[in-house]
Amino acid sequence: MTNSDLSMMSVDALVEAFEMACLGQSEALKRLATNSYNKSFRSMMTARDELNTRKERPLLARLYDHADPQVRYQAALATLAFFPEEARAVIQIVGDDHEWPSDALARGTLRMLDDGTFVPS
């Protein structure tokens with residue numbers, strides 16, 4: 001995906017690109033496929049950054065109820081600065097669900113929020 005491709009995408013298409021990249025991460029994590037995970041992570045960040053440029057990143061909250069815990073986790077992480085209570089609640093639910101590996105990521109994020117080593121921006 002090039003920058004010109006991104007600039008031509010609708011906001012809904014960017015949210016969908018974020019979702020698809022998170023689903024790719026989920027599968028890659030389950031298979032321990034580092035290269036696939038990294039590619040999906042970069043795609044997710046690219047979509048998130050374009051939404052941020054357009055001041056539309058809060059729209060990722062639409063994904064809080066997604067069936068996949070990795071999608072919910074990443075959407076909540078991306079929107080913590082906008083919706084701290086709601087996003088934290090989503091991260092807590094993912095952490096409590098015991099669906100590896102997203103639960104471990106969520107619990108680690110909660111610890112870092114609690115001890116101040118992670119401050120959302």
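This is a predicted model: local features need pLDDT of at least 70, side-chain atom pairs count only at pLDDT 80 or more; totals for chains, interfaces and linings use all residues.

Colleague: Fine. Which residues lie nearest the centre of the largest pocket?

Modeller: R48, R57, L77, A78 and F118 do, out of a lining of 13 residues.

Colleague: And what's its volume?

Modeller: The largest pocket comes out at about 200 Å³.

Colleague: How does the lining divide into nonpolar, polar and charged?

Modeller: Nine of the lining residues are nonpolar, two are polar and two are charged.

Colleague: Which helix gives the largest share of that lining?

Modeller: α3 does, with four residues. Both α3 and α4 (69-79) put in at least two each.

Colleague: OK, switching to α3 itself. How far does it reach?

Modeller: α3 covers residues 34-53, 20 residues in all, and spans 28 Å from its first C-alpha to its last, close to the 28 Å expected.

Colleague: Which of its residues are buried?

Modeller: Y37, S40, M44, A47, E50 and L51. Viewed down the axis of α3, the buried ones sit within an arc of 160°, so they line one face of the helix.

Colleague: Why would that sort of spacing line up?

Modeller: An α-helix has 3.6 residues a turn, so residues three or four places apart point the same way.

Colleague: What's exposed on the other side of α3?

Modeller: T34, N35, K39, R42 and T53 are.

Colleague: And what follows α3?

Modeller: K55, with a positive phi near 60°.

Terms used
Residues are numbered from 1 along each chain as its sequence is written. Side-chain values use heavy atoms; hydrogens and water are left out. The expected span of a helix is 1.5 Å times one less than its number of residues. Buried means under 20% relative accessible area, exposed over 50%, partly exposed in between (1.4 Å probe, protein chains only). The arc is that of the directions from the helix axis to the C-beta atoms. On a 1 Å grid over the protein atoms alone, a cavity is a set of points where a 1.4 Å probe fits but cannot get out, and a pocket is an open set with protein on both sides within 12 Å along at least five of seven lines; lining residues have an atom within 4 Å of a point. Grid points are joined across faces, edges and corners, and a volume is the space filled by probe spheres set on the points. Ala, Val, Leu, Ile, Met, Phe, Trp, Tyr, Cys and Pro count as nonpolar, Asp, Glu, Lys and Arg as charged, and the others, Gly among them, as polar.
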